[in-house]
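Please look through the sequence and the structure below before reading the report. The headings that follow take up a few parts of the fold and then turn to the chain as a whole.

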Amino acid sequence: MSINISGLTKRFGNVAALDGIDLAVGEGDLLALLGSSGSGKTTLLRIIAGLEHADSGALQIDGKDALHLPPRERRIGFVFQNYALFRHMTVFDNVAFGLDVRPRRERPERAVISERVNELLALVQLDGLGKRYPSQLSGGQRQRVALARALAVEPELLLLDEPFGALDAKVRVELRHWLRSLHDRLGLTTVFVTHDQEEALELADRVAILHAGKIEQEAAPRIAYDQPATAFVMEFLGEVNRLPCRILEGLAHIDGLQGVIPVEDLPDGPGVAFVRPHEVDLVPAATPGAGAAVVRSLSVIGPRTRIFLDHGGHSIELDADRRLVDELGLFAGATAHYLFTAVRVFPASKFSGPFLGRPRRFVPAPANSAYRLI
């Protein structure tokens, strides 16, 4: 089942929850709607499900106009953030609920319902727990019950709203691997809402990043991470260092550094250079073009060390191999030398505008201490 959305808008009073959304989800895709609270992602999910009405725009599900279809006719399974399980019902009865409430002429025989529920409990690895109540299950098990209930009605489209939001970190990782495997096995089209960037980048075939009711970028996870369309996407997807710079005649000059960064089609004026922590390399002091900074703090995290540098009042965070840090003899208060391996530059006044040009990767050019594009 495919989804095509065009010009979709939804307002709550004076607030535009969705402001002209255009989005296409291919058959069998797993799409993540990613954004901070209030970005419009849950509203968009609820409109697709028929639980919320759009003010304008078009929604087609499997090529058919779906905006005016009641939820039960959309062949959608919905998993709510808080699971929405019936506490007075057993696990078996919760999973069977969607089949039990069908009109008599559409309701399967009881033996068929029983067989279907038992198959689903086995599928979500809960076979043998059908007689328990939700209060007797762990958070991860309750999440699986909610998913089994959504699958019981044999949907062609599965919608999940923050499916792992209430779970601890270890269970989240286990369940998202399991969900990806289940999605591939069943061949469903799946759309899920999350604010967890790592979850979206790991699980999804494509991600749509929402901000203030608009889609900032819709792309494959790797493209969105490596080639952010806007500064908002750059900052939202993963950790990042922000360094002020000045753009002049096609070159970005970062404050406190000798090197410059070639940029294309960016207007002269103030800008911001973005560098991710893994794109900062520690180097020996004699390395040409290296910047020098004071080590403000170090945190050992297993085999890696998280380091915060102070360069002329600007903070630079990086992640380095613990052995390299020991070899360089770094400690709080010491001087560290570093090079950037990739920088992305945006005009300071156009943080919501498009990213102009590809990500810039460079190495030091010893002759003039500038940066040479790779």
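## Strand β3 and its partners

In this predicted model, strand β3 and strand β8, which covers residues 189-194, pair in the parallel sense over five bridges. Within this pairing, Leu33 stands opposite Val193 in β8. Strand β3 also pairs with strand β9, made up of residues 206-211, again in the parallel sense and over four bridges. Here the bridge partner of Leu31 is Arg206 in β9.

How many of the five residues of strand β3 are buried? Five of the five residues in this strand, which runs over residues 30-34, are buried, and therefore β3 is largely enclosed by the rest of the structure. A residue counts as buried when its relative accessible area is under 20%. In a regular strand the side chains alternate between the two faces of the sheet. In β3, Leu30, Ala32 and Leu34 point one way, while Leu31 and Leu33 point the other way, and all of them are buried.

## An open antiparallel sheet

Elsewhere in the chain, five strands form an open sheet, and their order across it is β15-β19-β16-β17-β18, with antiparallel pairing. The edges of this sheet are taken by β15 (280-283) and β18 (314-321), and because each has a single partner strand, one side of each is left without a neighbour in the sheet. On average, and with direction ignored, neighbouring strands of this sheet are turned by 45° against each other.

Strand β16, residues 291-301, runs antiparallel to strand β19, residues 335-340, and four bridges join the two. Gly291 stands opposite Tyr338 in β19.

## The chain as a whole

The secondary structure of the chain comes to nine helices and 22 strands, and the C-alpha trace spans about 80 × 45 × 35 Å along its principal axes. Of the 374 residues in the chain, 48% count as buried.

Technical notes:
Residues numbered from 1 in each chain as written. Predicted model: local features only at pLDDT ≥ 70, side-chain atom pairs only at ≥ 80, totals over all residues. Heavy atoms only, no water. Buried < 20%, exposed > 50% of the residue type's maximum accessible area, 1.4 Å probe, protein only. Pairing = 2+ DSSP bridges. Axes fitted to C-alpha atoms, helices over the stretch in contact; angles between N-to-C directions.
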